[in-house]
Amino acid sequence: MTDHFHYLYSNYANLLAEAGDLPPELRPKLIPAAELRHSIGDEIGLIVVGDPDQVAERLHRLRREVRMTHLVMGMSLPGLHPDQSRSSMKLFAREVMPKLR
């Protein structure tokens with residue numbers, strides 16, 4: 001899953017940098033795919049990755065720090081098998097959503 005996510009986020013980071021719509025401190029930072037697994041999300045800007053507790057905490061922090069009115073979730077990554085996407089969606093619904101209420 002790491003390679004799929006890295007491909008997607010690398011493309012988004014390049015688009016955001018090119019557009020200049022975000023201040024530099026909020027732009028996703030390009031880190032190697034091998035390091036994504038150990039990331040808790042802070043290193044890559046507004047993209048949130050991690051285990052359920054890390055994701056819930058990061059979303060709470062984003063809500064405090066950024067005027068967040070909507071949550072856009074992209075769990076179907078390029079080249080990722082649909083079963084893996086469904087598994088992530090179920091995990092989010094079961095373990096993260098209750099912590100966000």
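Tutor: Let us start with a definition: a residue is called buried under 20% relative accessible area, exposed over 50%, and partly exposed in between. Please keep in mind that the model is a predicted one.

Student: Does Lys99 count as buried, partly exposed or exposed?

Tutor: The relative accessibility of Lys99 is 36%. The class in between runs from the 20% limit for buried to the 50% limit for exposed. Lys99 therefore counts as partly exposed.

Student: Which side chain meets that of Lys99 in a salt bridge?

Tutor: Side chains of opposite charge can pair when their charged atoms come close. Lys99 lies in the segment after α4, and its partner lies in helix α3, 46 residues apart from it. The N to O distance in this salt bridge is 2.1 Å, and the partner is Asp53.

Student: How are α3 and α4 oriented to each other?

Tutor: Two packed helices are described by the angle between their axes and the distance between the axes. Helix α3 covers residues 52-65, and its axis is 10 Å from that of α4, at an angle of about 70°. Angles of 65 to 115 degrees count as roughly perpendicular. The two helices, α3 and α4, are therefore roughly perpendicular to each other.

Student: How many nonpolar residues has the contact of α3 with α4?

Tutor: From α3, the residues are Pro52, Val55, Ala56 and Leu59, and they meet Leu91, Phe92, Glu95 and Val96 in α4. By class, this contact has one charged residue, no polar ones, and nonpolar residues numbering seven.

Student: Which side chain meets that of Glu95 in a salt bridge?

Tutor: Glu95 is partly exposed, at 33% relative accessibility. The N to O distance between the two is 3.6 Å, and the partner is Arg94.

Student: By about how much of the helix are Arg61 and Glu57 separated?

Tutor: The side chains of Arg61 and Glu57 meet in a salt bridge, at 3.8 Å from N to O. Both belong to a network of salt bridges that also links Arg64. Because they are four residues apart in helix α3, their separation is about one helical turn.

Student: Is Ser85 buried or exposed?

Tutor: Ser85 lies in helix α4, which covers residues 82-96. Beyond its neighbours within four places in sequence, Ser85 is in contact with Met75, Ser76, Leu77 and Leu80. With a relative accessible area of 3%, Ser85 is buried.

Note on methods: Residues are numbered from 1 along each chain as its sequence is written. This is a predicted model: local features need pLDDT of at least 70, side-chain atom pairs count only at pLDDT 80 or more; totals for chains, interfaces and linings use all residues. Side-chain values use heavy atoms; hydrogens and water are left out. Buried means under 20% relative accessible area, exposed over 50%, partly exposed in between (1.4 Å probe, protein chains only). Contact means heavy atoms within 4.5 Å. Axes are lines fitted to C-alpha atoms, for helices over the stretch in contact, and angles run from 0 to 180 degrees between N-to-C directions. Angles under 35 degrees count as roughly parallel, over 145 as roughly antiparallel, 65 to 115 as roughly perpendicular and the rest as oblique. Ala, Val, Leu, Ile, Met, Phe, Trp, Tyr, Cys and Pro count as nonpolar, Asp, Glu, Lys and Arg as charged, and the others, Gly among them, as polar. A salt bridge is a side-chain nitrogen of Lys or Arg within 4 Å of a carboxyl oxygen of Asp or Glu.
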